[in-house]
Structure formats: structure tokens, C-alpha cells
Amino acid sequence: DVKYCQEQGQIVIGYVFTEWGEPERVKAEGKSEGTQTETQVKKEIEEYFEWLGVSGIFYDQYATTRNSTTEAYYQGLAEQAASYGANVVDVGNPGVQASSNWELKYVSKVITFEGSAGEFTTYKPETWVTNEQPKQIMNLVYAASTITTMEESCSHAAESNAGDVYV
């Protein structure tokens, strides 16, 4: 239950699939299995907040390319989420390290690394990452199969300026 988790001090966020901010282009190129329009994604955001009472949204396949289409798309989604309260926690996950911080204009946190614990050992953040506040940076590390590997991943995330890590 979402309320139970929130009573424990946990932040619960809903998941939406954004197809790099250009769902119509992705669909036209035949590169998608689950294309949704902006209207459909906004409907999901509405349902997460109104039905489940989440504290924010996890935007998967967040765009790494900044252009007028992606900016308008994410601005619309950010406005939709923000309409549910001032303390909304939004996470953008591009799946790769973005070359600039433009995503932080529309989300409160951006994932700057997504990959295995083995890959994470060689991860070096872009300069912009080290200039942001750690609370805005998140790393997503999987396959940390031992306690030592998990601890090493957490240490490396902190060294890489990430305030949050999913291990």
C-alpha cells in the first residue's frame, strides 16, 4: 500500500515510459513496442497521483537530445506532475549519461548511470554532473550480487556526486 510506505517515510513514485520525448517519431521509425501519446502519458501521471497518491514520477527513456519537441513534451509532463503538489519528486532516466544538465529543468533528479556493477567501476561522470547538487543526481546499478560489490557501488556513486543510488 502506497500510504503505508509513505507513513514509513518512503518516497513512492509511479513509472511512465516516455520514448525519449518523441513517441510519434519512435513509432514512425518502427522502434517501439508500446508507443503512447503525450495525452496517454499524462493520463497515467494523473492516475498515479489521484488513485495511488504517489509522491512523484519515474520517467523512463528520458530524452538525451534537447530540441523544441522534447522540451515541449517534458515541460507538459512536468506541469502535469507539478499540479499535484510542490514536493513532487520526478526522476528522469535516459538510460545513458546525458551530455548536459538540461533535463534538470523538468525533473528533480536525473539518472546519470544505468548499468551493471561491473560497468559502474569504470564510470566517470561528465563535468556537469559534478557541478550539480548531489540530491539531483542518481545512479541505477544492477547485478551487485555481493555485499562488498553493493558497498563499492554505493561508495563510487557518492564519489560520482550521486545523492541517490538504486543498487
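I looked up Tyr59 first: not counting residues up to four places away in sequence, Tyr59 touches Val16, Thr18, Ile45, Leu77, Ala78, Ala81, Asp90, Val91, Gly92, Asn93 and Val107 (contact means heavy atoms within 4.5 Å). I note that this is a predicted model, where local features need pLDDT of at least 70, side-chain atom pairs count only at pLDDT 80 or more, and totals for chains, interfaces and linings use all residues. Residues are numbered from 1 along each chain as its sequence is written, and side-chain values use heavy atoms, with hydrogens and water left out.

Of its 20 residues, Ile45, Phe49, Tyr59, Tyr62, Tyr74 and Leu77 touch the most other members. I find that α3 (38-52), β2 (56-60) and α4 (68-82) each supply at least two residues of this core (helices, H or I, at least four residues, and strands, E, at least two, are DSSP runs numbered from the N terminus). The largest share, five residues, comes from α4.

Glu71 also lies in helix α4. I read Glu71 as buried, at a relative accessible area of 17%. Leaving aside neighbours within four places in sequence, Glu71 is in contact with Arg66, Trp102, Lys105 and Tyr106.

Last, I traced the open sheet: six strands in the order β1-β2-β3-β4-β5-β6, with parallel pairing (two strands pair if DSSP finds at least two bridges between them). β1 (13-17) and β6 (164-166) are the edge strands.

Definitions and conventions:
Core = buried A, V, L, I, M, F, W, Y, C linked by side-chain atoms within 4.5 Å. Buried < 20%, exposed > 50% of the residue type's maximum accessible area, 1.4 Å probe, protein only.
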